[in-house]
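Colleague: Please go through this model with me, one point at a time.

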Amino acid sequence: MSVKPIAPDSGLQQLKDLGLEVEVRQQHLLVYSVPYVTTQRDIARATMVCKYMENGDTILAPNSIADNHQVWWSGGFPCRADGTPLTELVASTTEQPATPVDGCSTKFQFSNKPEEYMNTGYPDHFEKITHYVTLIESQARVIDPDVTAYTRKIVESQDSESVFRYADTASVRSEIVAVSNRLKGLKIGIIGAGGTGAYILDQVAKTPVAEIHLFDGDDFKQHNAFRAPGAATREKIAAHLKKVDYFHQAYDPMHKGIVPHPYFIDAANIAELEPFDFVFISVDKGPARKLVSDYLRSMSIPFVDVGMDVDLNAETALLDGTCRVTAGTKSKYNHLEMCLPTTDDNEDALYRKNIQIADLNALNAQLAVIRWKQIFGFYEDAMRAHQIVFTVATTSLAREERSTGKK
């Protein structure tokens, strides 16, 4: 396993040199084996955790707007040598359970700064960590002068290889690493890399899924540039790339494991979808939609199908229509025949006339991604709706076909 370089302004190496048991994992700094006094006046050890966020080639200081002066604590509430709570650490001693890092549950969050940093905040992690360690450890040393957090034990990093080319500091900053990790390791398929499929990729690529497989046999053409996220260059358009290859090149600099499949899914290769944990269907042909959805249902693979029905009103010369998101899960399939357009009907004809607008493509994709995240426990899912329809003219969102336990 490669060792990440230590930023010169982080204070990490100083902490190691002093002998603290430290590890950097998932954009957090963990300090192990910090001794503290329990309410029974025993000496125990716990782990201290704080943010340790990258920004390019540097580490953000604790006094930056993205960080703060607080730390998490895995043990019981630290006490003075006489067993009374060390209330200097926080205004309240009420437990606040959290899991800022995989495998490390915490009970309390502390907030304390010495007088010299009251207005400016801690300049680096060395000052921040040593202050908290000294405050807590000093009470344990009153009972046992030989106890120390500076054990000089080398901690082997448990940080696994990330799917991102650079760290996901957004999840760390929002303190939702544990929530984001519910999507970790998933294998995702995206069938169709048109306007909506491209925006689905844009969002899925910002999550820690293990693999993203793109299926589409079409070329990336100039009109596609006006319905896709980002801005394609003239050179990219002139290169006559397959859509999946264009989007692979666009998103590979951020997310590893994006696999382009420059062909359409058909009866001969449908079994390629078997390994996936979830599939997004974004196609413009009813028979293809039926083929894929029927197969996924037979394999109990959850999916979301998207579709747009947009038309030009001849009287008003205004566009009107709907964006549809239909989910299929183990808890509900009996709505699919009614909700999924699976023939070459007018909806598909309109779709192929390219009456699509990037904002509606993006909205359709966002609704699909939100539904996927609900299914995997990222978002709350009180309604369990399996059919969502946004209507342009009324800017209304309708939820239908809720899961009731009947398949």
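Colleague: By class, which residues make up the lining of the largest cavity?

Modeller: This is a predicted model, where local features need pLDDT of at least 70, side-chain atom pairs count only at pLDDT 80 or more, and totals for chains, interfaces and linings use all residues. Residues are numbered from 1 along each chain as its sequence is written, and side-chain values use heavy atoms, with hydrogens and water left out. A cavity is a set of points, on a 1 Å grid over the protein atoms alone, where a 1.4 Å probe fits but cannot get out, and lining residues have an atom within 4 Å of a point. With Ala, Val, Leu, Ile, Met, Phe, Trp, Tyr, Cys and Pro counted as nonpolar, Asp, Glu, Lys and Arg as charged, and the others, Gly among them, as polar, the lining has 5 nonpolar, 3 polar and 1 charged residues.

Colleague: What volume does the largest cavity have?

Modeller: The structure holds 1 cavity of 30 Å³ or more. Grid points are joined across faces, edges and corners, and a volume is the space filled by probe spheres set on the points. Residues lining the largest cavity include Ala198, Arg227 and Phe247. Its volume is about 40 Å³.

Colleague: Where is Val71 found, and is Val71 buried or exposed?

Modeller: Contact means heavy atoms within 4.5 Å. Beyond its neighbours within four places in sequence, Val71 has contacts that include Met48, Phe108 and Tyr132. Val71 is found in strand 6, residues 70–73. Because its relative accessibility is 0%, Val71 counts as buried.

Colleague: How far apart in space are Val71 and Ala198?

Modeller: Ala198 is one of the residues lining the largest cavity. Val71 and Ala198 are 127 residues apart in sequence. From C-alpha to C-alpha, the distance in space is 39 Å.

Colleague: What is the phi of Arg41?

Modeller: Most residues other than glycine have a negative phi. Arg41 is found in the loop between strand 2 (28–37) and strand 3 (43–51), and is partly exposed at a relative accessible area of 45%. Although Arg41 is not a glycine, its phi is positive, about 70°.

Colleague: Where is Glu175 found?

Modeller: Glu175 is another residue other than glycine with a positive phi, near 60°. Its relative accessible area is 41%, so Glu175 counts as partly exposed. Glu175 is found in the loop between helix 3 (169–173) and helix 4 (177–180).

Colleague: What is the mean pLDDT of the protein chain?

Modeller: The pLDDT is the predictor's confidence in each residue, from 0 to 100. In the protein chain, 92% of residues reach 70 or more, and the mean is 90.

Methods:
On a 1 Å grid over the protein atoms alone, a cavity is a set of points where a 1.4 Å probe fits but cannot get out, and a pocket is an open set with protein on both sides within 12 Å along at least five of seven lines; lining residues have an atom within 4 Å of a point. Helices (H or I, at least four residues) and strands (E, at least two) are DSSP runs, numbered from the N terminus. Buried means under 20% relative accessible area, exposed over 50%, partly exposed in between (1.4 Å probe, protein chains only).
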